[in-house]
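Colleague: I am new to this structure. Please show it to me, and then I will ask about it.

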Amino acid sequence: RKEVEQDPGPFNVPEGATVAFNCTYSNSASQSFFWYRQDCRKEPKLLMSVYSSGNEDGRFTAQLNRASQYISLLIRDSKLSDSATYLCVVNRGGSYIPTFGRGTSLIVHP
Amino acid sequence: NAGVTQTPKFRVLKTGQSMTLLCAQDMNHEYMYWYRQDPGMGLRLIHYSVGEGTTAKGEVPDGYNVSRLKKQNFLLGLESAAPSQTSVYFCASRMTGYATEAFFGQGTRLTVV
């Protein structure tokens, strides 16, 4: 089983829709969590960190469920510009290496 | 504020040639990483460094060497390029601590013919 797993998609949604992605992690020593966005042929960029209490940034909401070992990303009122791949990243305590999921592809169409 | 800078951005090599990719960061980060990204494969870690003078192997180290002689620079070398090394290479850096995020360079698109 991969340490960090994501549904590759693509998720194909109309503008204005609400869409949610999950990311599961297998190592209970995982301590910090992030969502990155990667546009085609570009570098990944931090979208938001995921805190235990959940956090919101505009149309984006991230949540952590430690008991079930997953994090989620909710995007409300989708825009065409939200089309990208969303990567889940997990940092384990005692490890120098961030673990990346393979990403979930989102396509927002008119 | 440059962040993480990779050079070159693009390169075409012939099979058997060698080259060095340079990654430079100006954020005083201790940790640096080299990844490759291929279609459908996600990011795969080649080598990483946890401080000046240190390097370690990642998931796919074969055919690559690295050096971290200065804290701000992390070099990735291909000794004898092969078509299987055609890929997009990303460098990343981050501060110490588990709650820190990684910052990426813009990538190097390498084609080996």
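Modeller: A disulfide (a pair of cysteine sulfur atoms within 2.5 Å) joins Cys23(B) to Cys91(B), with 1.9 Å from S to S. This is a predicted model, in which local features need pLDDT of at least 70 and side-chain atom pairs pLDDT 80 or more, while totals for chains, interfaces and linings use all residues. Residues are numbered from 1 along each chain, chains are lettered from A in the order in which they are written, and side-chain values use heavy atoms, without hydrogens and water.

Colleague: Which hand does the disulfide of Cys23(B) and Cys91(B) have?

Modeller: The torsion about the S-S bond is what decides this. For Cys23(B) and Cys91(B) that torsion is about -75°, so the disulfide is left-handed.

Colleague: How many residues apart in sequence are the parts that Cys23(B) and Cys91(B) tie together?

Modeller: Strands here are DSSP runs of E, at least two residues long, numbered from the N terminus. Cys23(B) lies in strand E3 (residues 19-25) of chain B and Cys91(B) in strand E9 of chain B, so the parts tied together are apart in sequence by 68 residues.

Colleague: Which cysteines does the disulfide in chain A join, and are they buried or exposed?

Modeller: The disulfide joins Cys23(A) to Cys88(A), with 1.9 Å from S to S. Buried means under 20% relative accessible area, exposed over 50% and partly exposed in between, with a 1.4 Å probe and protein chains only. Cys23(A) has 0% relative accessibility, and Cys88(A) also has 0%, so Cys23(A) and Cys88(A) are both buried.

Colleague: Is Cys40(A) buried or exposed?

Modeller: The relative accessible area decides this. Cys40(A) has a value of 68%, so Cys40(A) is exposed.

Methods:
Helices (H or I, at least four residues) and strands (E, at least two) are DSSP runs, numbered from the N terminus.
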